[in-house]
Every structure is written in structure tokens, then in C-alpha cells.
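Subject: Structure handover

Hello,

The structure we talked about is below. My notes on it follow; please read them with the structure open.

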Amino acid sequence: MLRLGAEKLSNKQPPPLLPLRGFRETAYVQSRVLDALVIRYLLSRYGRDNIGFVWLLMQPILLTLLIVIFWTLSGRLDGRGINVAAFALSGFMPLSLWRFMSTGAGINLIQKNRNLLYHRDITYLDIVFATQALEFIGTTAAMVIVTSILIILGVIAPIQDYYAAIMGWLLMGALGFGFGCLIAGLTAWSKTVKEIIPPIQLIVTTTSGAFFMVAWLPEKAREVITYLPLAHAFEGVRAGFMGPTFTTYYDFAYGFAWALGVSAIGLWLITAVWENVDIER
Amino acid sequence: MSDRNAEQPGTGLLASGQGFLARLRSSKLDKSESQPGLSATGGKAIVGEIVREYGSASNSRRWLVGALFFAPTVLAILYYGLIAADRYVSEASFVVNSARKESIGGLQSFLQVTGITTSRDDAYTVHEYMRSRDAVHDLQQRLPLREIFSRDEADFMSAFPKFLGTDSEVELHDYFLERVQVFYNVTTGISSLRVEAFRPEDAQRIAEQLLLLSEDLVNRINHRMQEDAVEFAQDEVNAAQQRLIEVQVDIKNYRNRELLLDPEKASLAVVERIGELSGELALANTEIRRLKAASPKSPRIATLHERVAALTAQIAEERQQVSGASEGLANKIAEYERLILRQGFLVKSLEEARQSLDTARQESRRQMLYLVHVVRPRASDIPQEPQRLHQILVIALASLLLFFVYWLVRTGVREHATSGR
């Protein structure tokens, strides 16, 4: 193997001077960089012993299990009313995705990873994309696996509307990415931002539809809530899980417009502050 | 970025170890080739690693994996783009109401999972019927269901005897459930019926007939409910009447047997008679005393004494009649009174039974179910199903998400394998 490689190399000597890489080559390098960064982040995020990723699965399973036990003990899981397990899962998992991508990955993203730029093929955008991609993929994997298990076990009904569920999930990912970039830029720009994010996050997550359905709100509150982009993602996933029995309010175009706008601002902010960040260890 | 020196090794910041460095190095290969100034000795090892990692064997596996995750999308594009037949949707909505109406919705429905209102129960009754094989059977009496689901317009995947399926009642029912959906909106309390068919008028006809059949069902339920409740009360009334008649007959028999119309009155007459006789006896005794004092030798005294004896005997006889051991009136009165008392009770219970019959009639009228049409089914002029772009998008995105899962698990396992070495 080694010999073959050396032969290949020697065939190409002297190496041709290529001032610019072709597209194929660039794309290849780009994919290798992203691959490597995601794996680096995978190891630091979930640990080497693989239990980390399993924990990501255990959280929603545990939640659903507790809810099912509680409702079964109180004798109310009769399948005719709301499916509480589906309700909890369709609120908890998008909420996790949002938290992981926006604040989980976003806070101090630049300070933590600035050192990586010593490698010339890594750009700050690579780092941002790799980090966010891993958060998205990890949570998506957890969602897919947990949902499959629960559907096979018959705890929740099969997904009623795949389009709404997938689009809602992607919208949540897009919003998480956008706000993650924004938070990364802001936390790099000013240290005080980091301190005011938790209360804001608390308010945002409690008022955005993870724990209730927008249809339950009075008209006025519903109007206010649907201005927020997060509610559209939650409602979309919920529509996919709970079906047409429950009225849901979502507008994916509106949500994705938000995601696009916030992503643009966030990426611009990262570009603007990147060079002037002190490395924080 | 290119001004950064990529060859600065061991910065010590790459805490996550070998796998990352290896991957990163492999990505730098192209550059070390393009930049002649860089060391070629590192290059050899790197190339070896690349070949090892992305040799022809794993390359073909990559293709396989790629094909596996791309195939569904390609198939979806082919099917939805070229083959899939148009389906027309006809929608109707209805409410199952009873006169006592409770609506429950929103947060309440979440908190009161068990507190299902009756009108919702009734709606579920109708839904259950609409989804049943019974409904499919009844529909077939009115519509050529098999023909409708296997029109010429249909493609081989969506037509009724399904691809690789059989033409059986059970599969027709399964197919029917794919084309007909009924659901209940918790917020509004309105039930919706959605029928898909290959021709717009077919969908409309199925929806119409299903609604008519459901109306029949509701009427049957009403009839049954009314009959059950009212019939029971009517039985009660009949039984009470019967018993009353029996008592009446007993009283008549008693009277015939005892030759008495009313023993109470008869006994009163006897008592009166005793009173009269006692009065006469007293008069006679007084007369005797008076005569003994005035003219002791009067011949009337003897007659009076006879009279007193006769009266006393008569009184004794009459007394015997009232309270005699077996033939006495007192016994007869007791029996008579029992009969009268029973009659009184029965009259009362008949009244009560009549009242409960009235209430049952009213109640059943109040419990009547109504199937109210909110939206009548219409034929649509454009096909709404299948939503081709949506379906393709869903399948593509779902395969992508599944690929992510695959990638994550594969990478995790792989990293684990290298770290163990």
C-alpha cells in the first residue's frame, strides 16, 4: 500500500504548479475538512466511549417513558384523547435541537475554535458549519431513532404528516443555525452578551410552543406567538406527529425567511468580529 | 485564509486526537502536491493512509451507500413525475349533535383526557362506522366501489387490486381506508370526511353515500335508544295495570263470596243495631224499675222481663256476629282492608309508572342524535392528490436525514475502532 502510494507520488514529480484548485479538488478538500471537523467535534461533544451519543437518545426515551408510566398509572392513556407521549416528544425534541444549536453550540463558538485556523484549509465558516452540522445530525439521529422505537412499540401513532414533520424539523435546524451564528458573533463581540442569553433563552423556549399548542391560546396571544419564528417550527413538527385532529398554525415560508435573515446577519457578524477575537481558554 | 501556515504541526490544540489529524492531513495532500516547497516525506505516509482508507473496496461501498440513499428519491421522482395518477378529493364536514350539548376543547381536552363528552363519543361512533368493513359492505350495495377504485385513469400502484395484492373484501377495506379519512377536530368539534378517487364525481358520490349511511346509523341509534328507554317504562305501566286489575278481581270475588258489599259498613250497621238494642234494653229496664216502684202488681212487668231477655239475647247474638272467632265481621274486615290497601298501593305505583313513562319519552327525545352537515361534499375540478413535489421532497429529505443517522453511527463506530488499535 505504502509502496503504491509512493509510486503515485513519484509519478507526479515534479508536481505541476497549480495556482488555483479546480472545483472538484476544492470540493474534495472542503468535504474532508468538514468531515474532520465534525469528527473532532463529535469526539469532544459526546466523548470517545460512545455513551455520549447514547445519552442523547436516552434523554427523550426517558422523558417519554416517565410520561407513559405516569399516564398509565393514572389510568388515562386510553388513546381517545391527546396522545401525551407524542405531544411530549414533538415538543421536547425540537426544543433540544434549538437549544443545542443556538446556545449550546453558539456561545463562545469563535473563542473556543479560533486555534483551528492554524490549519490553512480550515476557515471560520468551516468551523461554524461543522459544529452546527454535528449538532443537527446528532439530534436528528436521536429523533429518528427514538421516534422509530416508539412507533414500533406502539406508544405513539405513526407520523401523520411527514411533510410537516420534516419541514418543521428542518426549519428548527435552520433557525438554530441562524441564531447560533448570531449568538456566536455576539458573544465574540461582547462578553456581557453571554450573561443575558440564559434569561432570554428561557423566555423564548417557554413561550414558543414547546409546552403548549398554539390552538389553546386566546386569539390575541396566538397572533403574538405566530410572529415568533420558533412557534412555526414547533407547530410544524406537532402537526406531523399529532395529525389533523388538532388545529396547528404554521407557515414554513415565514419561518425560513426568518432563518435566512438571521443567518445572514449572524454570518456577517462572525466575519466582522472574527479577526479581533481574543482566544479564551 | 491561504496565508496561514498549514504545516505548523503539533499546535497542541487538537485535543481530540489521531483521527482528526489523520483526516486533516489527508485533506492537505493536494496542497502539498501543488506546493513544491513542502516536504515530500510526510506526503508518502499520507498517501498511504489515503489509499488505505479510500481504496477501491471502500470506494465501491461508498457508491453502494450513496445509491441506497439516493434510490428512493430517484424512484419517487420517476413515479410521481411520470406514473402516478391524479386523484380528486371531495371533502365534507359534519357535526354529531345531541340536544344536550357540551363542547370541550383546547387546554381542557388536555387536562381531562377521561372527561370525554357524549357528543364526542357520538362523533366517534359515526367515525368508527365510516371506517368499518360494514360501511364498505353497505357502500357496495349503493356504489360500484371496486370499479370506482380501479378506473382506467388509475396507475398500477394506486389502483384497487393493489400491485401484488388480491381482490378480497379485506384488502378492499384496507384500500378504502387509504382513500377515505375521517377525523375529529378537537378545537372546533367538527368531524371531517375526506375522500379521494380517480374521478371527481366518484369522490363526491362516495362522500355523499357515506354521509347518508351514517345518517341511517344515527337514526338507528336514535330509534334503538328511544325504544329501549320507553319500552322499559311502558312495561312498568303495563305490569302495574295488570296487578291493579288482579286486585280488583280479588275484591269482587271477596264480595261475591261474603255476600257483602262493604264489610266495614256492614259492621257499622251491626254496631248501630247493638246500640239501638242496648237503648231499648235500657228503656225496658228503666220501665221495669219504674213499674216495680209504682205498681208492683202490674201485669206489664212480666212482659217487660220477657222483652229484656229477648233484647239481651239479641245483643249477644249481634256481638257474636262482629267479633266471632271465625265468622266474625272483624276478621272479614281485616281481609277486606288488606285488599283495599293493596289496591291503593297499586294505584299509586301505576301513577308513578305513568310518570316515568312520560319522563322517558321526554328524555329520549332530548337524547336524540342529529347528524348535521356543515359542508356538503363537492366535486373538485383539479386533482389535489398526489402532491407530487411534496412527496418527492419528503422522500428526499427523509433519505437525507436517514443518511445523517447512518453517517453518525458509522463515524462513531469507526472512530471507536481506530482508538482501540
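In chain A, the axes of α7(A) and helix α10 (residues 229-242) come within 7 Å and cross at roughly 150°. Axes here are lines fitted to C-alpha atoms, for helices over the stretch in contact, with angles running from 0 to 180 degrees between N-to-C directions. The angle makes α7(A) roughly antiparallel to α10(A) (under 35 degrees counts as roughly parallel, over 145 as roughly antiparallel, 65 to 115 as roughly perpendicular and the rest as oblique). The crossing of the two is left-handed, meaning that the near helix is turned anticlockwise from the far one by less than a right angle; clockwise would be right-handed. From α7(A) the contact includes A:Tyr162, A:Met167, A:Trp169 and A:Leu175, and from α10(A) it includes A:Pro229, A:His232, A:Val237 and A:Phe241. Two residues are in contact if their C-beta atoms, placed from the backbone, lie within 7 Å. By class, the residues of this contact are 14 nonpolar, four polar and no charged (Ala, Val, Leu, Ile, Met, Phe, Trp, Tyr, Cys and Pro count as nonpolar, Asp, Glu, Lys and Arg as charged, and the others, Gly among them, as polar).

This is a predicted model, in which local features need pLDDT of at least 70 and side-chain atom pairs count only at pLDDT 80 or more, while totals for chains, interfaces and linings use all residues. Residues are numbered from 1 along each chain as its sequence is written, and chains are lettered from A and ligands numbered from 1 in the order in which they are written.

Helix α7 (residues 162-189) of chain A also packs against helix α4 (residues 84-106) of chain A, at an angle of about 20° and with the axes 7 Å apart. That makes α4(A) roughly parallel to α7(A). Their crossing is right-handed. Among the residues that make the contact are A:Pro94, A:Trp98 and A:Met101 of α4(A), and A:Trp169, A:Phe177 and A:Ile183 of α7(A). The residues of this contact divide into 12 nonpolar, six polar and no charged. A:Trp169 is listed in the contact with α4(A) and also in the contact with α10(A).

Chain A as a whole has 11 helices and zero strands (DSSP runs numbered from the N terminus: H or I of at least four residues for helices, E of at least two for strands). Of its 281 residues, 43% count as buried; a residue is buried if 20 or more other C-beta atoms lie within 10 Å of its own, exposed if 12 or fewer, and partly exposed in between, with C-beta atoms placed from the backbone. Among contacts between residues at least 6 apart in sequence, 80% join residues at least 24 apart.

One backbone detail: A:Asn108 has a positive phi of about 60° although it is not a glycine. Most residues other than glycine have a negative phi. A:Asn108 is in the loop between α4 and α5 (109-113) of chain A, and with 16 C-beta neighbours inside 10 Å it counts as partly exposed.

Chain B has 13 helices and four strands. Of its 421 residues, 19% count as buried. B:Pro386, in the loop between β4 (369-375) and α13 (388-420) of chain B, is 302 residues from B:Ala84 along the chain, with 7.5 Å between the C-alpha atoms. Beyond four places in sequence, B:Pro386 touches B:Tyr80, B:Ala84, B:Arg87 and B:Gln391. B:Arg131 lies in the loop between α5 (118-130) and α6 (133-142) of chain B. B:Arg131 and B:Val182 are 51 residues apart in sequence and 7.7 Å apart, C-alpha to C-alpha. Both residues are partly exposed, B:Pro386 with 17 C-beta neighbours inside 10 Å and B:Arg131 with 16.

On confidence, chain A averages a pLDDT of 80, and 84% of its residues score at least 70 (pLDDT is the predictor's confidence in each residue, from 0 to 100). For chain B the mean is 75, and 76% of the residues reach 70 or more. pLDDT stays under 50 over residues 1-10 of chain A, residues 101-105 of chain B and residues 111-118 of chain B. The predictor gives the complex an ipTM of 0.74 and a pTM of 0.67.

Regards
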